[in-house]
Amino acid sequence: METIYYYSVDKSQLNYAFISAFSLKKNNKNIKIGLIFLGNLQKNEIIKIKNFFDFFHIEDNFYDVKIDSHISKAAYLRYKVYEIWSNFDLYVYLDADTLIKKELNFSNFLKSQEQIAMVEDFNWRYLPCVKHFNLENYFNSGIILFKKDFFNFFKFKNFLSLNKTYKKFIKFHDQCTLNILFHLEKIKVYELDSKFNYLSNNFISKSSFPSDASIIHFNAFMGKPWQFICFHPEKNNWRKISKEANNKWLYEIGSFWKVRSLIKSKIKSFF
């Protein structure tokens with residue numbers, strides 16, 4: 001079983017992808033990691049990437065898709081992976097804002113009949129696409145496992161067309177588009193244990209950190225660990241890995257307005 005773990009980023013997320021991939025390598029031996037990059041790079045950046053990642057692809061096509069300040073067009077390229085590297089049996093996509101804490105084992109999914117695996121998201125019933133299509137479930141796209149056979153019927157250009165067709169019902173960009181696709185094409189998703197995409201919302205109901213959480217996903221609710229203002233209980237572990245990977249700590253100064261916006265968006269999510 002040939003497996004590739006991969007990231008899809010632009011320049012704004014490149015450093016965070018390095019840190020996530022560093023934690024992935026630290027806890028998983030003899031794996032292959034790929035990077036899909038959208039945009040332009042300096043020669044020294046390309047050398048650094050090629051020295052760290054096993055596979056590297058630069059994409060120069062800028063697609064007409066819905067984006068905002070929280071997501072870039074590079075996010076959509078996670079679904080183009082098979083057109084870039086077609087010689088693997090399993091494709092494991094990871095968001096750049098993740099921290100891998102354990103050896104990853106997806107054997108239960110590999111034994112299943114489903115061709116794609118994800119973790120269910122939080123607070124999704126208010127979303128326009130859920131209401132319009134009466135979706136019975138909704139999955140988070142921060143971690144996605146694709147079996148090779150999934151790409152027998154999935155076409156990237158059709159996915160982009162779907163995003164454009166249902167643009168008014170899409171709030172979370174490629175994630176909403178993918179969930180709409182599941183509904184329209186009656187695709188059954190293998191539901192991964194939450195430990196493989198441990199979202200920030202999980203910490204609300206937990207009195208202590210779960211010992212079996214394998215992948216921490218810093219999905220904005222408590223702030224990002226590279227921001228000065230961050231309430232996530234795993235922020236110091238991320239910063240420790242950041243220092244190991246870069247010989248320095250990566251920080252952005254979080255402003256009052258960022259925190260204010262974060263709180264407002266979370267309040268709105270409940271209505």
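## Ground rules

Since you're looking at a predicted model, local features need pLDDT of at least 70 and side-chain atom pairs count only at pLDDT 80 or more, while totals for chains, interfaces and linings use all residues. Residues are numbered from 1 along each chain as its sequence is written, and side-chain values use heavy atoms, with hydrogens and water left out.

## The overall picture

The protein has nine helices and 10 strands. Both are DSSP runs numbered from the N terminus: helices are H or I with at least four residues, strands are E with at least two.

Of the 271 residues, 52% count as buried. Buried means under 20% relative accessible area, exposed means over 50%, and partly exposed is in between (1.4 Å probe, protein chains only). The accessible surface comes to about 13,900 Å², and 49% of that belongs to carbon and sulfur atoms; such areas come from the Shrake-Rupley method with a 1.4 Å probe, and for residues only the protein chains shown count as cover. Take the contacts (heavy atoms within 4.5 Å) between residues at least 6 apart in sequence: 68% of them join residues at least 24 apart.

## The seven-stranded sheet

Seven strands make an open sheet with mixed pairing, in the order E3-E2-E1-E4-E7-E6-E8. Its edges are E3 (55-59) and E8 (190-191), each of which pairs on one side only. Two strands pair here if DSSP finds at least two bridges between them.

Further in, E1 (residues 3-9) and E2 (residues 32-38) run parallel, with six bridges between them. To find your bearings, look for Tyr 6, which sits opposite Gly 34 in E2.

## The three-stranded sheet

There's also an open sheet of three strands, ordered E5-E10-E9, again with mixed pairing. E5 (98-100) and E9 (198-199) each have a single partner strand, so one side of each has no neighbour in the sheet. E5 is antiparallel to E10 (residues 215-217), joined to that strand by three bridges, and Leu 99 faces Ile 216 in E10.

## The second largest pocket

The second largest pocket has a volume of about 220 Å³. On a 1 Å grid over the protein atoms alone, a pocket is an open set of points with protein on both sides within 12 Å along at least five of seven lines, and lining residues have an atom within 4 Å of a point. Grid points are joined across faces, edges and corners, and the volume is the space filled by probe spheres set on them.

Its lining includes Leu 135, Phe 139, His 183, Lys 188 and Glu 191. Helix H7 (residues 173-185) gives the most to this lining, with three residues. By class, the lining has five nonpolar, three polar and three charged residues.

## Residues worth a look

Most residues other than glycine have a negative phi. Asn 30 has a positive one, about 55°; this residue lies in the loop between helix H1 (14-27) and E2 and is exposed, at 83% relative accessible area. His 173 also has a positive phi, near 50°, but lies in helix H7 and is buried, at 5%.

Pro 233 is in the loop between E10 and helix H8 (235-246) and is partly exposed at 49% relative accessibility. Not counting residues up to four places away in sequence, Pro 233 touches Phe 203 and Met 222. The C-alpha atoms of Pro 233 and Ser 200 are 9.2 Å apart, with the two residues 33 apart along the chain.

Note on methods:
On a 1 Å grid over the protein atoms alone, a cavity is a set of points where a 1.4 Å probe fits but cannot get out, and a pocket is an open set with protein on both sides within 12 Å along at least five of seven lines; lining residues have an atom within 4 Å of a point. Ala, Val, Leu, Ile, Met, Phe, Trp, Tyr, Cys and Pro count as nonpolar, Asp, Glu, Lys and Arg as charged, and the others, Gly among them, as polar.
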